[in-house]
Amino acid sequence: MNYNQTLEFLFSSLVSYQEKGPEAYKPGLERITAFCKHLGNPQRNYFTIHVAGTNGKGSVSHMLASVLQQAGYRTGLYTSPHLRDFRERILVDGEMIPKQKVVNFVDKHYDCMKELGLSFFEMSTALAFDYFDQSDVEVAVIETGLGGRLDATNLIIPIVSVITNIGLDHMALLGDTLPKIAAEKAGIIKKSIPVVIGEKSDEYNHVFDQAATAMMSKIVYAENDFACINHSTEGDFQKFSIQRHRDNKVFNLELDLTGNYQVHNILTAIAVIDLLHQETPLTISLRALTEGMRTVASGTALQGRWQKLGDKPLTICDTGHNAHGIRYVAEQLAATPHRDLYCVLGFVNDKDLSSVLPLFPKEARYIFTQPGNERALPAGKLAEKAAAYGLRGEVADTVSGALARAREMASEEDMIFIGGSNFVVAEVLE
């Protein structure tokens, strides 16, 4: 089989959460443990950093990988979902896994994968572990897929665990309260392995404190140790002055990601880098930190985070898709200068829209659409639901048609925003 045939085979044979949603979720570590044993446990042959959280884990993972690359380490990065190409999930020093490596892995191990009943995510995770080992990776940043405790990535024993934040998402699978979801994320905390918490909250701090105590693990709250004392945006870069509380040292950093919400993620990443440098075998210089942050997007191919697609009208896309993430997006929409705002929105059918739609501005003009995915919520139904929250506009059956309509209506002084779902953003980027 060639690469395209292999992907078609995998998507049709192994159930993918990206394609099927909750029905594809297969919690538990039994299958991935057995398969990695079959592979010779490649995940044990390099240092790992484990990153969980409701939002920001992708950005933080890419920041960490970029800095580690600049520090001279051969660095693996495993994230999900992908936007355009499956290989985006598995990078070594910013380069995607070669197509032939995917084909060879499936050819060699498919019978075992099928026998064990692996999910698509479990297969992808094992492929990443194996490829990193083959590529002589020294340290790998591993992002969880969903939750933490029962996530396939939780097989690893990292040198540090990271939990970015907790918000209400995937409630049918992870729990319907912040403490319940926090407990699932806290499942990545390993015995005597330090954990960094990105965004603290009185609603769930106690969950992490108790889990860390039970595991005899040091816990670091990034916001207790670091603070942003100055922030501005210049062109395609954000500039931050970050102060470390223990010695009042100030780090002046540029970041080639432009979403204002990245202030939370950069604090989390810096706290992790500080801990890695102070308490693990890794050495990370100030130069590596500075250069790594300046080249996150360019060095690791991160896309879809408040990404500018054009000027006149200013056109922005963002993959934020739950209340916690979209609240930050809505704040930046309000703060961005524009005359009229046109929003191209589409969602998957299992999204809790009652927590999301009220966050969008009522004065915007909406083009409701649907991505070409079987999980997509039909555009007409989305328009009906949105009307209940005072959001009005028109319907376009395709994302490309919706964007074309927005561009037709918008003047040079206006703004177009595209979001609601990873699938919508992926189609726009294509």
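1. Let's start with charge. The protein carries 41 positive and 52 negative charges, and their mean positions are 2 Å apart. Here Lys and Arg count as positive, Asp and Glu as negative, while His and the chain ends are not counted. Each charge is placed at NZ of Lys, CZ of Arg, CG of Asp or CD of Glu.

2. A word on what you are looking at. This is a predicted model, in which local features need pLDDT of at least 70 and side-chain atom pairs count only at pLDDT 80 or more, whereas totals for chains, interfaces and linings use all residues. Residues are numbered from 1 along each chain as its sequence is written, and side-chain values use heavy atoms, with hydrogens and water left out.

3. Now the overall build. You will find 17 helices and 17 strands in the protein; these are DSSP runs (H or I of at least four residues for helices, E of at least two for strands), numbered from the N terminus. The C-alpha atoms fill a box of roughly 55 × 55 × 40 Å along the principal axes. A compact globule of 430 residues would have a radius of gyration near 22 Å, and the protein has 21 Å, which agrees. That radius is taken over C-alpha atoms, and the globule rule is 2.2 Å times the number of residues to the power 0.38.

4. How much is tucked away? Of the 430 residues, 58% count as buried. Buried means under 20% relative accessible area, exposed over 50%, and partly exposed in between (1.4 Å probe, protein chains only). The protein exposes about 17200 Å², with carbon and sulfur atoms supplying 47% of it. Those areas come from the Shrake-Rupley method with a 1.4 Å probe, and for residues only the protein chains shown count as cover.

5. Contacts next, meaning heavy atoms within 4.5 Å. Among contacts with a separation of 6 or more, 72% involve residues 24 or more positions apart.

6. The largest nonpolar core has 43 residues, and Ile-49, Leu-64 and Met-293 have the most contacts inside it. Such a core is a set of buried Ala, Val, Leu, Ile, Met, Phe, Trp, Tyr and Cys residues joined through side-chain atoms within 4.5 Å. Several elements each supply at least two residues of this core, including strand E1 (47-52), helix H4 (57-70), strand E10 (237-244) and helix H11 (262-279). H11 gives the most, with 10 residues. In soluble globular proteins, nonpolar side chains tend to be buried together.

7. Have a look at Leu-64. Leaving aside residues up to four places away in sequence, Leu-64 touches Ile-49, Val-51, Val-141, Ala-269, Val-272 and Ile-273.

8. Two cis peptide bonds are worth a check. One joins Ser-80 and Pro-81, with omega about -5°; Pro-81 sits in the loop between strand E2 (75-78) and strand E3 (90-92). Another joins Lys-312 and Pro-313, with omega about 5°, and Pro-313 is in the loop between strand E12 (307-310) and strand E13 (314-317).

9. Positive phi values also turn up. Asn-41 is not a glycine, yet its phi is about 50°. Asn-41 is found in the loop between helix H3 (30-39) and E1 and counts as buried at 14% relative accessibility. Trp-306 has a phi near 40°. Trp-306 lies in the loop between helix H13 (296-300) and E12, and its 5% relative accessibility makes it buried.

10. Which residues does Phe-360 touch, not counting residues up to four places away in sequence? They are Ile-326, Leu-345, Phe-347, Tyr-366, Leu-391 and Phe-417. Phe-360 belongs to the loop between strand E14 (341-345) and strand E15 (365-368) and is buried, with a relative accessible area of 4%. The C-alpha atoms of Phe-360 and Cys-343 are separated by 9.2 Å, at 17 residues apart along the chain.

11. Finally, the chain's two end regions. Asn-2 is in the segment before helix H1 (3-13) and counts as partly exposed at 41% relative accessibility. Leu-429 lies in helix H17 (residues 422-429) and counts as buried at 14%. Setting aside residues up to four places away in sequence, Leu-429 touches Leu-83, Arg-84, Gln-303, Gln-307, Leu-309 and Cys-317.
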